[in-house]
Structures are given as C-alpha cells and as structure tokens.
Amino acid sequence: MRRRTRIGTAGSVRRGAALGLTATMAATVLAGCGTDSGGTTLNVHTPADGATVVKEVAQQCSTDRYKVVGHALPKQADDQRLQIARRANGNDRTMDIVGLDVNWTAEFAEAGWILPLPAALSDGAKKTVLAGPLKTAMWKDVQYAAPAWTNTQLLWYRKDALSKVLGRPIGNTPPRLTWDQVVQYAVKSGELGGPTQIEAQAAQYEGLVVWFNTLLESAGGAMVAEDGKTVTLTDTPEHRAATVKALSVIKSVATAPGRDPSFTQLDEGASRLGMEKGDAIFQVNWPFVFASAQKNGAAGDVPYLTDLTKFKDLLNPPKDAENPPEPTVGQLNEINMLTRQKFDFAPYPSIVPGKPAKTTVGGVNFAVAKTTRYEKQAFEVLACLTSESAERKYATKGGTPPVLPKLYDDPEFRKAYPMASLIRDQLQENTAAVRPITPQYQAMSTLLAATLSPAGSWDPEKLADDLTAAAQKAMDGKGLVP
C-alpha cells in the first residue's frame, strides 16, 4: 500500500548521489547533468503516485554519459504489476529500472525479472536504511531492491471527543491505546452524544489484508514462515491463538455499536472521508489524512476544523495558479496547532497492553530490471535515485516518509509531518511488520481478502481454518491468480 501527501519544496538531488557505493562509482554518479549523453537513455518506470517527483530526480541523475528518463506506470497497483510483468516476459530491453510495491520483491526476484544489488549498494543499505523498509527489499537473504520511500499507519482520533470520554484534557503526548480501549471509548463517546465510528480498511481488497496482517503480527502470529513456503496461521496452538485474536479484533470493530454502516466497503479514501465528516472518533490510516484534513478543513468541509477556514486561499490556491503561496513557518505552526486541538495522531493500537503494535510497512522500492542493456549504468542510477538527497526530495516535496532515519529530523519534513518521530518509531525492527515474503503473495492476498469478506460476518475460530486453507491453496498454486 502506498500513500503520499504533497508538502513543501526541497533542494538539489545531486548531492550525495552515490550513497553506499565505492569511490569510483560515486565519482561516476556525481558527474554533471548530461550535455551529451551519447544517445544512451535509461528508463525509470515508477508508480503514478509519486511519479512527478521521481521524474524530476531522474532528470537530475543524468550524466554526460547517459540520460535518465522517468515514466509513470498506471494508477492502480495491479495494473502496474501487470505492465511490468508483461514487459519482463516480453524481454522489453527499454525497461531499465522499475518502482515496485514493497510486497512484490519476492515474486519478481524468483521470476528472474530483477537483478540482485551489488555488494557495495547492499552493504550501504544495511547501514543506513530503516529495518522495516529494508526487509521488504530482501528475498532469500539477498537484496534485490533499494527502498525509495516507506509508510506506516497510525491511529488518528478526535482529540476533543476523546477528552470528553476520558473526562480530562489530552496534552501533546499521544495516548497509547489497545484495540479493546478503542472499541470501548467509541461506545462511550456515543453515549455522551459524540462520534461513534471506528474507520479501518475493511473492503475486499489489499487494505483488508494489510489490517489483518498488522493485527496478526501484533498478536504474535504470522501468515508464512521465514522460508516463504510454510503457512503458519494455525500450525501451532500459539499461532492459532494469534490468528483468532486478530480476527476477533476485526469482528469487534465491524460489529461495534454506532459503526459505520458502510464499514465493509471502506478503503483508505472512504475511511478518511468518514473521519472528516465528523462521524468517526477513530481511524487507522496512512499519514496522508493529516494534510487532507487541513486542506478540506480550510475549505469548510470538515465541521470540527472550521478554525482553518481563514487559511482557505493558502491551502487551496486556484489550480491554475502559476506560483501558489507556501505557508510560512509561523502559518504552518498555527495550522498544525489548530488541527491538533481537534484531530490528532497516536501510535497504532496494540493488542497486548504495554506491547507496541507491529504495523505493516508500505512504500516503494526501486530495482534494476533483468531486461536492461546497461546493467552497470542502471545500478549507478539506482544509487542516485535512492541517495540521501533524493530521499530528502521524496520526503519534503513528494510527502512520503523517508527510509533514512536521519531525515526524520529534517526541519522541512517535520514542519508538515509533526508525527515524524512516531512514524520512525513504528518502522524499527520490533515495531514493523512486512507482508508475507513469498512469490505467491499476490494470489494469497486475493484469496485471503475474499475469505475475510464481509469483514466481521464470520466466527473467528472457524475462519482461522478457512484462512489457512486459502493460504495453502495459494502456496500450492491452486489459488486465483489475478
């Protein structure tokens, strides 16, 4: 899953372009933008969501030996995957670098569609990249991709409504809640005349599988063993208990009093809108919802953020404006302060009290395609596309959480992302979960989403066995392959 939010601007992407490379390769990558590329073009195919910034970075990665050109893949993730797969199978020699959803690495590596990273790049990544995102780039202990940006879901809540429930003001320290408390407080909010809904991604699609995976990992379980083959949903009493617990949480939210009547149809966008309408007290979602609430609040479309309407022209400039204004530091601080009085963020709800949740990692990884005619140059470009300066631009101009820990202290990023430290905390070794690292994940996800739907309409004990059967079908190649 990928989510991004457009925020401020950033400086040059050329600086530090050879992170993790040897000195020789670093000098090559840092050569000036090409005036004569000799007719050599390297093509970067990247998801549409984020393509504008990637194209800009790609252009600045050009040298006097080659030109780097960015191309946008289709909007939908399934269409992106299908296009890359078709090009790889068709031996499209113009495909040099591809932007992959973080859950495709194993499939593409096993199929031979992407190349393993050189040791210099891989060793550099191990020293600099957050543990959670780095896991998504690995297959069989080999790194096949370079994380470009990442993501994690948080708990978003109505601070004013929760304060009434708790009978006290909530300061700037975000509450650490369990899922049991989330349901309990939503019910009590309704009793006090406040919002009652808990928004989550519960429609029959990847978002539902992500929610289940986060709950499962947080409960101490896993879908698949580290070998990428063995289904572990119910193979031991402990794993079965974790699976049942995760399903019980989904059922408790889906059947809670005052629930969203369209709960089983919610995706990220619908969850965001349910919160902005004022009907929800909680939602789990990606960080893009923060800027969305501010933008729509300034437009007068969020009933509890009407204080932001004085920033309407600043946050919603005309689409044809040539030079739209950027908020000053003072204005952005005020916007964030006014927002967080009513709408704020907290760590993802835990299952075990006192034990942090393990949230599923999102984002995009870059890989060198097997079809490239310029392997050496393609890895130079890969280094440039994932350099510190490039990461800084993705974060500050593209609005996507960076994979380098040090950038979470970048003033430009923190101005628009006051939740930066929390995002970084949730992407560590013990707080990040990845989706099953297996070539069969796409089929597994499709079957699991169908088995989990409609969310909460089933008995958790029985569904645990049904999920195991569905996952095993995918592993055996008997599942539905989209």
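Start with Q204: is this residue buried or exposed? Then take me through the surrounding packing.

Reply: Q204 counts as exposed, because its relative accessibility is 52%. The classes are these: buried means under 20% relative accessible area, exposed means over 50%, and partly exposed lies in between, with a 1.4 Å probe and protein chains only.

Some ground rules come next. This is a predicted model, where local features need pLDDT of at least 70 and side-chain atom pairs count only at pLDDT 80 or more, while totals for chains, interfaces and linings use all residues. Residues are numbered from 1 along each chain as its sequence is written, and side-chain values use heavy atoms, leaving out hydrogens and water.

Back to Q204. It sits in the loop between β8 (197-199) and α9. Helices (H or I, at least four residues) and strands (E, at least two) are DSSP runs, numbered from the N terminus. Setting aside neighbours within four places in sequence, Q204 is in contact with T264, A449, A450 and S453. Contact here means heavy atoms within 4.5 Å. T264 is 60 residues away from Q204 along the chain, yet their C-alpha atoms are separated by 7.8 Å.

Now the aromatic pairs. Rings of Phe, Tyr and Trp (its six-membered ring) pair if their centres lie within 6.5 Å; planes under 30 degrees apart are stacked, over 60 edge-to-face, and the rest tilted. That rule gives 13 aromatic pairs. One of them joins F108 and W113, edge-to-face, at 5.1 Å centre to centre with 85° between the planes. F108 is buried, at 0% relative accessibility. W113 is buried too, at 16%. Another pair is W211 with F263: the centres are 6.1 Å apart and the planes at 70°, so this pair is also edge-to-face. W211 belongs to helix α9 (residues 206-218), and F263 to the loop between α10 (237-254) and α11 (268-276), so the pair ties together parts that are 52 residues apart in sequence. Both W211 and F263 are buried.

A cluster comes next. W156, F290, F343 and F345 form one aromatic cluster. Two strands pair if DSSP finds at least two bridges between them. β7 runs antiparallel to strand β9 (residues 280-285), joined by 4 bridges. There, L154 stands opposite N285. β7 also pairs with β10 in the antiparallel sense, again over 4 bridges. In that pairing, W156 has F345 as its bridge partner. R158 lies over the face of Y304, 3.9 Å from the ring centre. A charge sits over a ring if NZ of Lys or CZ of Arg is within 6 Å of the ring centre and within 35 degrees of the ring normal.

Follow the chain past β10. S350 is in the loop between β10 (343-346) and β11 (359-360). At 7% relative accessibility, S350 is buried. Its contacts, beyond four places in sequence, are L177, T178, W179, K355, P356 and A357.

Next is strand β6 (residues 146-151), with 6 of its 6 residues buried. β6 pairs with strand β12 (residues 362-368), antiparallel, over 5 bridges. P147 stands opposite N365 in β12. In α16 (residues 388-396), 7 of the 9 residues are buried, so the helix is largely enclosed by the rest of the structure. Among the buried ones are E391, K393 and Y394.

C61 and C384 form it, with sulfur atoms 2.0 Å apart. The link is left-handed, with -90° about the S-S bond. C61 lies in the loop between α2 (51-60) and β2 (67-72) and C384 in helix α15 (residues 375-385), so the pair ties together parts that are 323 residues apart in sequence. C61 is buried at 2% relative accessibility, and C384 at 1%.

A word on confidence. pLDDT is the predictor's confidence in each residue, from 0 to 100. The protein's mean is 90, and 91% of its residues reach 70 or more. Over residues 2-37, pLDDT stays under 50.

Terms used: A disulfide is a pair of cysteine sulfur atoms within 2.5 Å.
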